[in-house]
Amino acid sequence: MDQNHAKARRKPRADAARNRARLLEAATAIFRLGGAQASLEAVAKEAGVGIGTLYRHFPTREALFDAVYRHEVDLLADLAQKLATDTDPVAALKAWLQANVRLVATKKGMIEGLQLAVVGSSELKAYSYERMVSAIGLLLDRAIAADRIRDDVSADELLRTLLGIFYTQGPTDWQPTALRMVDVFVDGLQKR
């Protein structure tokens, strides 16, 4: 086995994994507030690492945008798994939908960067769509099985409605309205 192949198969060192996690956390916070134009230097500083460390993990701005977005989607998918054990399936579904506000807040700050990241490839879009539909389907199916939610709305339709709620809001102070609309929508899905 050659040395390059062995390096490619090794797990990252613990400090490298911690640095990557700190960079993702810092980038999420900064992009949420400062948008796509936020400096990468600010991300590195917030994470407590040098700019070289940032570039070792994310060689381009687009790579960082892609990683932050994937990380947020993965967090939501993991949250759905945790919420699936909640005793109240409607509350679990509502909590997951509300958690999407955080993802959208991050994504709205990154729209320009994400457009650059996915040019020529729909892999990021397909990845996030698949993860999100699967997560929402888990919670929706559980609520339907408990006879608490109407059974005539699919996970895909629910996700598309959620996206519509997010993207029809104005550019400022949209989150409270989006959260309220999610509550109204889930209330409308419940069986009476």
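Analyst: The protein has 10 helices and 0 strands. Helices here are DSSP runs of H or I with at least four residues, strands are E runs of at least two, and numbering starts at the N terminus. Along the sequence the pattern reads α-α-α-α-α-α-α-α-α-α. This is a predicted model, where local features need pLDDT of at least 70, side-chain atom pairs need 80 or more, and totals for chains, interfaces and linings use all residues. Residues are numbered from 1 along each chain, and side-chain values use heavy atoms, without hydrogens or water.

Start with the whole chain. Of its 192 residues, 39% are buried. Buried means under 20% relative accessible area, exposed means over 50%, and partly exposed lies in between (1.4 Å probe, protein chains only). The protein exposes about 10,800 Å², and carbon and sulfur atoms supply 53% of that area. Among contacts with a separation of 6 or more, 71% join residues 24 or more positions apart. A contact means heavy atoms within 4.5 Å.

The largest nonpolar core holds 34 residues, and Leu93, Trp96, Leu97 and Leu139 touch the most other members. Helices H5 (61-83) and H6 (89-109), together with H8, H9 and H10, each give two or more residues to this core. H6 gives the most, with 8 residues. A second, separate core has 18 residues, including Ile30, Ala38, Leu40 and Val43. Such a core is a set of buried Ala, Val, Leu, Ile, Met, Phe, Trp, Tyr and Cys residues, joined through side-chain atoms within 4.5 Å. In soluble globular proteins, nonpolar side chains tend to be buried together.

Look at H8 next. Helix H8 runs over residues 123-145. Its 23 residues should span 33 Å at 1.5 Å a residue, and its end C-alpha atoms are 32 Å apart, which agrees. The expected span is 1.5 Å times one less than the number of residues. Leu124, Met132, Ile136 and Leu140 are among the buried residues of H8. Leu139 is buried in H8 too. Setting aside residues up to four places away in sequence, Leu139 touches Ala80, Leu83, Ala84, Ala92, Leu93 and Trp96. Ser128 also sits in H8. At 7% relative accessibility, Ser128 counts as buried. Beyond its neighbours within four places, Ser128 is in contact with Tyr69 and Val73.

After H8 comes Asp147, whose phi is positive, near 60 degrees. Asp147 has this phi although it is not a glycine. Asp147 lies in the loop between H8 and helix H9 (155-167). Its relative accessibility is 48%, so Asp147 counts as partly exposed.

Helix H10 covers residues 175-189 and reaches 21 Å from first C-alpha to last, close to the 21 Å expected. Its buried residues are Ala178, Val182, Val186 and Leu189. They cover an arc of only 70 degrees around the axis, so they lie on the same side of H10. The arc is taken from the directions between the helix axis and the C-beta atoms. Phe185 also belongs to H10. At 24% relative accessibility, Phe185 is partly exposed. Phe185 touches Leu158, Thr161 and Ile165, leaving out residues up to four places away. The C-alpha atoms of Phe185 and Thr161 are 8.9 Å apart, although 24 residues separate them along the chain.

Charged pairs complete the view. The structure holds 9 salt bridges. Each puts a side-chain nitrogen of Lys or Arg within 4 Å of a carboxyl oxygen of Asp or Glu. Asp187 and Lys94 form one, at 3.4 Å from N to O. This pair links distant parts of the chain: Asp187 is in H10, Lys94 is in H6, and they are 93 residues apart. Asp187 is partly exposed at 31%.

Arg70 pairs with Asp66, with the closest N and O atoms 2.5 Å apart. They are 4 residues apart in H5, so about one helical turn separates Arg70 and Asp66. Both ends are buried: Arg70 has 19% relative accessibility, and Asp66 has 18%. Arg150 and Asp152 meet in another salt bridge, at 2.7 Å from N to O. Salt bridges with shared partners also join Asp66, Arg70 and Glu123 into one network.

Key:
Accessible areas come from the Shrake-Rupley method with a 1.4 Å probe; for residues, only the protein chains shown count as cover.
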